[in-house]
Amino acid sequence: MQRSLRGSRRLLACLSTSVLVTLGMTGLFATGASAHAHTKRHSRSHDGNGGMRVQSQAWGMANSQAAYLYTLTNANGMKVNITNYGGVVQSIFVPSRDGTMTNVALGFPSLADYVNDFTQGANQTPWPLPGGSGNTYFGAIIGRYANRIANASFTMSCDPKVCANNGVTYTLDANNGANTLHGGYLGWNTAVWSATPVKTHFAVGLQLTNTFPAGEGCFAKLTGAVCNTPTGGFPAPVKATVTYLLTNNNALKMVYNVVNLSSTDATVLNVTNHTYFNLAGEGSGSVYHQYLAINANQYQPVNLNLIPTNFANVAGTAYDFRTMKPIGQDIRNANLPDGGTQAFPQLVIAHGYDNNWVLNGSGYRLDAVAMDKKTGIVLSEFTDQPGVQFYSGNFLVGDLVGTSGYTYRQSDGFTLETQHYPDAPHHIGDPAWPSVVLNPGATFNSTTAYQFSLAGRHHHSRRF
């Protein structure tokens with residue numbers, strides 16, 4: 001960090017690796033009064049300690065498989081709804097300052113909405129209308145490669161002593177202009193995952209597992225015959241396990257475990273969760289007045305295809321969130337320098353913020369803090385990843401109806417997608433780009449957490 005944190009944030013940062021990395025967390029934050037539960041009739045219930053439980057209900061069919069909606073509830077009454085379709089976090093109900101439970105995650109009311117939204121590219125059927133918001137990836141698990149890969153292809157670079165596919169070029173779906181975005185037309189967000197409820201002394205959760213074949217990320221119907229060759233799609237089959245854990249200090253932890261099942265071929269991997277937040281409440285309008293701090297001295301400017309071009313210091317730019325400020329404070333200010341190499345300002349290219357911030361430090365640490373002054377809700381994000389994609393909901397155009405029955409427009413939510421860097425498969429071996437290569441038989445492990453609390457009197461003045 002550029003500067004040590006003050007008050008409880010200093011305590012929080014110090015504890016992040018030693019305490020929050022475990023499930024044995026106690027009341028570090030105020031959680032507000034319990035509110036009446038947001039309930040539906042559920043078909044199954046797995047009770048835990050102190051009122052902690054996992055409930056489930058049938059939610060329809062996707063890919064000819066049964067989908068369920070699971071409700072995780074902790075001892076404070078915080079609730080998280082998750083479906084095994086795409087591992088989607090559909091809603092997150094947390095206490096606000098007045099004690100009511102507020103849903104802070106954007107999402108859809110039905111399974112059909114998610115299926116239609118996530119598969120519109122593969123089906124070549126704009127949903128719900130042409131010229132709309134496009135695939136939002138609301139709340140989903142993103143893989144095999146989160147974010148963008150330029151030119152919908154990459155050449156594997158790996159140690160030929162341990163992999164057989166060094167130097168092989170792979171062709172992927174161009175589902176985002178010339179880029180591959182979030183794994184292609186049928187990424188991990190479109191899969192039905194196997195789900196198992198989880199209970200510990202300190203958390204309840206849901207473990208999701210799936211095995212993805214070599215060749216995923218290349219949809220033959222749209223990308224062509226190359227998808228039926230050994231160089232079509234991502235190399236190597238992988239087994240992915242994503243475990244959501246809701247703890248009693250109001251943290252939703254996401255524990256990722258991905259194993260390369262091939263004995264010969266390396267692959268590339270980048271996974272994240274794509275929840276959109278509005279800390280004033282889902283469907284309440286713009287997040288531009290909400291405060292945000294990001295623990296990063298640098299970010300990555302992008303070209304016109306939103307592919308990173310270089311690393312730039314955030315100081316003096318609209319991208320400086322080291323001191324907490326309103327999201328919208330500089331989002332329209334094209335007069336500020338941005339360190340980019342393009343003829344157009346970065347804010348113009350992305351229609352707002354949609355870049356990777358290079359996080360300070362390493363290991364499991366506090367990477368971002370956001371808050372809404374009216375509700376008092378604070379989101380503290382922890383991760384062991386090297387970057388975070390901050391996206392300010394730039395392409396929501398008012399055609400999607402959320403869980404509250406309100407439409408979503410530009411600026412109605414933001415994401416903080418922890419990750420390796422966009423387009424890193426084109427920078428394998430560059431020391432400035434953390435490696436995304438997963439060798440044969442190797443395992444990737446990572447943890448990110450969304451922790452919710454209530455703001456102190458001067459929380460908005462704190463800084464990294």
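A disulfide, taken as a pair of cysteine sulfur atoms within 2.5 Å, links Cys158 to Cys163 in this predicted model, with an S to S distance of 1.9 Å. The link of Cys158 and Cys163 is right-handed, with 95 degrees about the S-S bond. Both ends are buried, a term used for under 20% relative accessible area, with exposed meaning over 50% and partly exposed in between (1.4 Å probe, protein chains only). Cys158 is buried because its relative accessible area is 9%, and Cys163 counts as buried at 5%. By the distance rule the count comes to two disulfides. In the other bond, Cys218 is joined to Cys227 with an S to S distance of 2.1 Å. The torsion about the S-S bond of Cys218 and Cys227 is about -80 degrees, so this disulfide is left-handed. Cys218 is buried at 11% relative accessibility, and Cys227 is buried with a relative accessible area of 11%. With the bonded cysteines of the protein chain numbered in sequence order, the pairing reads 1-2, 3-4.

Residues are numbered from 1 along each chain as its sequence is written. The model is predicted, so that local features need pLDDT of at least 70 and side-chain atom pairs count only at pLDDT 80 or more, while totals for chains, interfaces and linings use all residues; side-chain values use heavy atoms, with hydrogens and water left out.

Helices (H or I, at least four residues) and strands (E, at least two) are DSSP runs, numbered from the N terminus. Two strands pair if DSSP finds at least two bridges between them. Six strands form an open sheet with antiparallel pairing, in the order 18-29-26-23-20-21. Its edge strands are strand 18 (276–277) and strand 21 (312–313), each of which pairs on one side only. Within this sheet, strand 26 (residues 387–391) is joined to strand 29 (residues 414–419) by five bridges in the antiparallel sense. Gln389 stands opposite Glu417 in strand 29.

Strand 19 (residues 291–294) has Tyr291 and Ala293 pointing one way and Leu292 and Ile294 the other way, and all are buried. In a regular strand the side chains alternate between the two faces of the sheet. Strand 19 pairs with strand 22 (residues 325–326) in the antiparallel sense over two bridges, and Tyr291 stands opposite Pro326 in strand 22. Strand 19 also runs antiparallel to strand 24 (residues 365–371), to which four bridges join it. The bridge partner of Ala293 in strand 24 is Val369.

Strand 12 (residues 194–199) and strand 13 (residues 203–212) run antiparallel and are joined by six bridges. These two strands form a hairpin with three residues between them.

Val88 lies in the loop between strand 4 (79–83) and strand 5 (89–95). Val88 counts as buried because its relative accessibility is 0%. With contact meaning heavy atoms within 4.5 Å, and neighbours within four places in sequence left aside, Val88 is in contact with Asn81, Ile82, Thr83, Tyr114, Phe118, Phe138, Gly139 and Ala140. Val88 and Phe138 are 50 residues apart along the chain, and their C-alpha atoms are separated by 7.1 Å.

Grid points are joined across faces, edges and corners, and a volume is the space filled by probe spheres set on the points. The largest pocket has a volume of about 630 Å³. Its lining comprises 31 residues, of which Ser133, Gly134, Asn135, Tyr137 and Leu181 lie nearest the pocket centre. Helix 3 (120–123) and strand 26 each supply at least two residues of this lining. For composition, Ala, Val, Leu, Ile, Met, Phe, Trp, Tyr, Cys and Pro count as nonpolar, Asp, Glu, Lys and Arg as charged, and the others, Gly among them, as polar. The lining of the largest pocket divides into 13 nonpolar, 15 polar and three charged residues.

Three cavities of 30 Å³ or more are found in the whole structure. The largest cavity holds about 40 Å³ of space. Residues lining the largest cavity include Ala318, Tyr319, Asn333 and Asp338. The lining of the largest cavity divides into seven nonpolar, two polar and one charged.

Conventions:
On a 1 Å grid over the protein atoms alone, a cavity is a set of points where a 1.4 Å probe fits but cannot get out, and a pocket is an open set with protein on both sides within 12 Å along at least five of seven lines; lining residues have an atom within 4 Å of a point.
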